[in-house]
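Student: Hi! I have a new model open on my screen and would like to talk it through. Where should we start?

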Amino acid sequence: MNNSEKEIVYEDISSTSKKYKKQSAAEEYAEGAFKHIDKVVKAISFIVSIATFSVFAVIAVILYKIDSVFLILSVGLLIFGIVLSLILLFLIYALGHIITQNNDILKRL
């Protein structure tokens, strides 16, 4: 064979290939720990929302128990607590949903 007839073949051993990539223990832990981060963020959104509403509900009840004059203020605090907890729920849940969609896109690519 001549030198002109020989083909040079390159093998791709990029860092994205798991066959050739050796991960450190920290990288393996990080990969496993953040595997379900989207579900964790979504669960945290519900916890934060419930906790926020509970705080406003307790404050409203305490104000009403102090004196019934604070009835209007208590109702206002309840409404504000509901609105704030829903806003927090949607914002944090949306972040978890974005992470889920990003993971789906990365799997397809």
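Tutor: Let's start with a definition we'll need for helix packing: axes are lines fitted to C-alpha atoms, for helices over the stretch in contact, and angles run from 0 to 180 degrees between N-to-C directions. Also keep in mind that this is a predicted model.

Student: Got it. How many helices and strands are there in the protein chain?

Tutor: The protein chain has 3 helices and 0 strands. Read from the N terminus, the order of elements is α-α-α.

Student: Which helix do the buried residues of H3 pack against?

Tutor: They pack against helix H2, residues 37–66.

Student: At what angle do H2 and H3 pack, and how far apart are their axes?

Tutor: The angle is about 175°, and the axes are 8 Å apart.

Student: Are H2 and H3 roughly parallel or roughly antiparallel to each other?

Tutor: Angles over 145 degrees count as roughly antiparallel, so H2 and H3 are roughly antiparallel to each other. As for the residues of their contact, 25 are nonpolar, 10 are polar and 2 are charged.

Student: Which residues of H2 are buried?

Tutor: Asp 38, Val 41, Lys 42, Ser 45, Ser 49, Thr 52, Phe 56, Ala 57, Ala 60 and Leu 63.

Student: And which ones in H3?

Tutor: In H3 the buried residues are Ser 74, Leu 77, Gly 81, Ser 85, Leu 89, Gly 96 and Thr 100.

Student: What share of the residues in the protein chain is buried?

Tutor: Buried residues account for 16% of the 109 residues in the protein chain.

Student: Let's pick Thr 100, then. What is it in contact with, leaving aside its neighbours within four places in sequence?

Tutor: Thr 100 is in contact with Asp 38 and Lys 42. Thr 100 lies in helix H3, and its relative accessibility is 17%, so it counts as buried.

Student: Changing topic: how far apart are the end C-alpha atoms of H3, and what span should it have?

Tutor: Helix H3 covers residues 71–108, and at 1.5 Å a residue its 38 residues should span 56 Å. The end C-alpha atoms are 55 Å apart, which agrees.

Student: What about the span of H2?

Tutor: With 30 residues, H2 should span 44 Å, and its end C-alpha atoms are 43 Å apart, so that agrees as well.

Student: Now aromatics. How many aromatic pairs does the structure hold?

Tutor: The structure holds 2 of them. In one, the ring centres of Phe 46 and Tyr 93 are 5.9 Å apart and the planes are at 75°, so this pair is edge-to-face. Phe 46 is in helix H2 and Tyr 93 in helix H3, so the pair ties together parts that are 47 residues apart in sequence.

Student: Last one: where does Lys 35 lie?

Tutor: Lys 35 is in the loop between helix H1 (25–33) and H2. Lys 35 is exposed, with a relative accessible area of 57%. The C-alpha atoms of Lys 35 and Asn 103 are 9.5 Å apart, although 68 residues separate them along the chain.

Terms used. Residues numbered from 1 in each chain as written. Predicted model: local features only at pLDDT ≥ 70, side-chain atom pairs only at ≥ 80, totals over all residues. Heavy atoms only, no water. Helix = DSSP H or I, 4+ residues; strand = E, 2+ residues; numbered from the N terminus. Expected span 1.5 Å × (residues − 1). Buried < 20%, exposed > 50% of the residue type's maximum accessible area, 1.4 Å probe, protein only. Contact = heavy atoms within 4.5 Å. Parallel < 35°, antiparallel > 145°, perpendicular 65-115°, else oblique. Nonpolar A, V, L, I, M, F, W, Y, C, P; charged D, E, K, R; others polar. Phe/Tyr/Trp six-rings, centres within 6.5 Å; stacked < 30°, edge-to-face > 60°.
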